[in-house]
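Here's a quick briefing to read alongside the model. Have the sequence and the 3D view open, and we'll go through it topic by topic.

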Amino acid sequence: MLRQAQHELLIPTRGRGLYEVTRPIGEWVGKQGVECGLLTIHVRHTSASLLIQENADPDVRRDLEAFFARLVPDGDALFIHTVEGDDDMPAHVRTALTAVNLSVPVARGRLGLGTWQGVYLWEHRKASHSRAILLHLIGE
Amino acid sequence: MLRQAQHELLIPTRGRGLYEVTRPIGEWVGKQGVECGLLTIHVRHTSASLLIQENADPDVRRDLEAFFARLVPDGDALFIHTVEGDDDMPAHVRTALTAVNLSVPVARGRLGLGTWQGVYLWEHRKASHSRAILLHLIGE
Amino acid sequence: MLRQAQHELLIPTRGRGLYEVTRPIGEWVGKQGVECGLLTIHVRHTSASLLIQENADPDVRRDLEAFFARLVPDGDALFIHTVEGDDDMPAHVRTALTAVNLSVPVARGRLGLGTWQGVYLWEHRKASHSRAILLHLIGE
C-alpha cells in the first residue's frame, strides 16, 4: 500500500562549507519502513544548497570550495546586492549553480546512493546559520 | 487516498530575464485539494530554465543576470552553434548550469517553499518566447 | 491504481562526452503501462552527471563540452585531489555544476519531454566507465 511521510531536519552550520547529512536523512528513511520509494530533499533557503558528492577523500570538498570561491569571488564589484556583506550575493549565485532539491530512489529500505555518494548541505554564508531541510518520502 | 494531477502552464516571456511563476503554480496546487504531497515542475525547453531564488530584493535577480552574462558571454568565439544568433549557445549553457526540473514537497496544502524562496522561469534568449511548464502533483 | 517500478540501467562510456539515454529510458517507461506518472532518474556516481539538452544539432554537445573544458580545466593547479589524474577533480566539479538526478512527468504513457529535449549521461572522466543509472517510476 503506497503511503507518504514528511519530516523537517534543522541543520546547524558553522559558516561556509559542506556538511554531510546522509546519516540523519538515511536514519529517518530507515524508520519509515518503506522498501521501495522515492525520497525528495528540499532546502528552504536561497543562500545554501544541496549536493551529492564524494564521501571519501575530504580533499574533494576542499577543492569544490576552492573552485566555487574562485568562480564566484566574495566582494566582486559586479554585484550591487551587498546588504548582508560581501558573501551575500556570491551565496545566491553558488546556490543557483548547484541545487535546492534532490530526488533519490529508495530500494530495499535504503537510499539508492552509489558507494561513493554522500548528501551534503552546502552552507554558502560565512556566518553560522540554522538551515531547514524538508524531506518527503513516498513508497511502500 | 493518494492521487495525481497534471497541468501545463504556458508562460509568455519578453526576452532574457527571471519571471516569477510562484503564484500561478501555487494557485493550481491550491485547487487540487492535496494536503500532503510532492510537486514536480518541468520546463520543456533547452534554452530556458527553472530557478528557486530570493523573492524580495530585485537586485538579486539583476545580479544573477549580470553574473551569468559575464560567465557565458553572448557571441563567445568558442561556440560554433550560432544558427539562431549570438545568444543561442549561451542560452543552452545557462540552462545546463541551472535546472529544467524541480521537486518541491507540499505541506498543509501549500508549496513547502522557504519564506524567501520564489520559483522563477529563467528566459535565456533575447527574443520573446512562449514557454511550456509541465506540473505533476502526487499526494492526498 | 497507483503503483511503482524500479530499474537499473548500465551505460558503458568510452571517455568524456554526452551519451544519449532517452531511448533506453523511454522504452523501459513504455513497458510499465503507466499512462500518467513521474519518472526519476538518478546516476549513482560523482564524476558523471545527467543533463537534459538539445537532441538535434550535435554542435550543441560539442559546444557544451568546450565550455565546460574551459570553465573547469584539466590539471588546474588549484586542485589538490589529483589521485586519479588531471581529470579527476574537474569531473567532480562538472558533476556539481550539473545534476545527478532528474524528475520528468509521464503523460499519455510517454516522457513529458519537449520536442528538442533529450536525456544525456555526461561522462566527465577521460577513461571508459560503466555507469549505473537508477530509474524510479510512480503512476497509474
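Counting over all chains, this predicted model holds nine aromatic pairs; rings of Phe, Tyr and Trp (its six-membered ring) pair if their centres lie within 6.5 Å, with planes under 30 degrees apart called stacked, over 60 edge-to-face and the rest tilted. In this predicted model, local features need pLDDT of at least 70 and side-chain atom pairs count only at pLDDT 80 or more, while totals for chains, interfaces and linings use all residues. Residues are numbered from 1 along each chain as its sequence is written, chains are lettered from A and ligands numbered from 1 in the order in which they are written, and side-chain values use heavy atoms, leaving out hydrogens and water.

**Aromatic rings**
- A:Phe67 and A:Phe68 make an edge-to-face pair, because their ring centres sit 5.9 Å apart and their planes meet at 75°.
- Both A:Phe67 and A:Phe68 are buried (under 20% relative accessible area; exposed is over 50% and partly exposed is in between, with a 1.4 Å probe and protein chains only).
- Ring pairs tie A:Phe67, A:Phe68, A:Trp122 and C:Phe79 together as a cluster.

**Where chain A meets chain B**
- Chain A puts 30 residues into this contact and chain B puts in 35, contact meaning heavy atoms within 4.5 Å.
- The size of an interface is often given as the accessible area lost when the parts come together.
- Here the two chains bury about 2700 Å² between them, 63% of it on carbon and sulfur atoms; buried area is the accessible area (1.4 Å probe) that two parts lose on being put together, summed over both.
- What holds charge to charge here? One salt bridge turns up across the interface of chain A and chain B, and a salt bridge is a side-chain nitrogen of Lys or Arg within 4 Å of a carboxyl oxygen of Asp or Glu.
- B:Arg70 pairs with A:Asp76 in a salt bridge, with the closest N and O atoms 2.6 Å apart.
- There are also 16 residue pairs in polar contact across the interface of chain A and chain B, both residues at pLDDT 80 or more (N or O atoms within 3.5 Å; within protein, one must be able to donate a hydrogen and the other to accept it, and residues adjacent in sequence count only if both atoms are side-chain atoms).
- On the side of chain A that touches chain B, S1 (3-14), S3 (37-43), H3 (88-97), S5 (101-107) and S8 (128-139) each supply at least two residues; helices (H or I, at least four residues) and strands (E, at least two) are DSSP runs, numbered from the N terminus.
- H3(A) gives the largest share of that side, six residues.

**Where chain B meets chain C**
- This contact takes 30 residues from chain B and 35 from chain C.
- Chain B and chain C bury about 2700 Å² between them, 63% of it on carbon and sulfur atoms.
- In chain B, the residues losing the most area to chain C are B:Gln4, B:Leu78 and B:Ala96, together 19% of what that side buries.
- The salt bridge between C:Arg70 and B:Asp76 has its closest N and O atoms 2.6 Å apart.

**B:Thr46**
- B:Thr46 is in the loop between strand S3 (37-43) and strand S4 (48-54) of chain B.
- B:Thr46 counts as buried because its relative accessibility is 7%.
- Leaving out residues up to four places away in sequence, B:Thr46 touches residues including B:His92, C:Glu54 and C:Trp116.
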